[in-house]
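Thanks for coming. I will talk through one structure, starting with a term we need and then moving to charges and rings.

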Amino acid sequence: MNSPFKIYGKKNCGNCENIKEICKSNNKVFEYFELDKDFKREDFEWFWKPVEIKQFPILEYKGIKVSYHLFNKVFLKEFLNIS
């Protein structure tokens with residue numbers, strides 16, 4: 001598939017389900033990767049070090065990986081084409 005929007009999440013994660021639902025309800029194409037199935041926590045050790053809130057999902061948008069909270073604050077309106 002190789003979508004420009006990727007979600008790295010885990011089972012039973014409310015934030016992960018929320019962003020997937022946002023994508024589906026706004027017809028956004030995305031790829032979802034699940035912890036311990038598609039990737040390991042160790043794959044993101046570099047990401048966790050500077051991040052204050054260490055929770056899932058990690059989102060890849062425009063080639064950069066950002067936390068769920070940062071994405072909602074900075075990129076969500078742009079992603080959804082909202083002025």
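When I say helix or strand, I mean a DSSP run: at least four residues of H or I for a helix, at least two of E for a strand, numbered from the N terminus. Keep in mind that this is a predicted model.

Is Glu42 buried or exposed? The relative accessible area of Glu42 is 55%, and the cut-off for exposed is over 50%, so Glu42 is exposed. Glu42 also belongs to a negative surface patch, together with Asp36, Asp43 and Glu45.

Now Phe44. This residue is in the loop between strand 2 and helix 2. Phe44 has a relative accessibility of 4%, and buried means under 20%, so Phe44 counts as buried.

What does Phe44 form a cluster with? One aromatic cluster is made up of Phe44 with Tyr8, Phe33, Phe39, Trp46 and Phe56. Take Tyr8 and Phe44 from that cluster. In sequence they are 36 residues apart, while in space their C-alpha atoms are 9.9 Å apart.

On to the ring pairs. How many aromatic pairs are found in the whole structure? The search gives 14. Phe71 is buried, at 0% relative accessible area. Phe75 counts as buried too, at 16%.

That is what I have; questions are welcome.

Conventions: Residues are numbered from 1 along each chain as its sequence is written. This is a predicted model: local features need pLDDT of at least 70, side-chain atom pairs count only at pLDDT 80 or more; totals for chains, interfaces and linings use all residues. Side-chain values use heavy atoms; hydrogens and water are left out. Patches are made of residues with over 30% relative accessible area and no salt bridge: like charges are joined within 9 Å, nonpolar side chains (Val, Leu, Ile, Met, Phe, Trp, Tyr) within 5 Å. Accessible areas come from the Shrake-Rupley method with a 1.4 Å probe; for residues, only the protein chains shown count as cover. A salt bridge is a side-chain nitrogen of Lys or Arg within 4 Å of a carboxyl oxygen of Asp or Glu. Lys and Arg count as positive and Asp and Glu as negative; His and the chain ends are not counted. The place of a charge is taken as NZ of Lys, CZ of Arg, CG of Asp or CD of Glu. Buried means under 20% relative accessible area, exposed over 50%, partly exposed in between (1.4 Å probe, protein chains only). Rings of Phe, Tyr and Trp (its six-membered ring) pair if their centres lie within 6.5 Å; planes under 30 degrees apart count as stacked, over 60 as edge-to-face and the rest as tilted.
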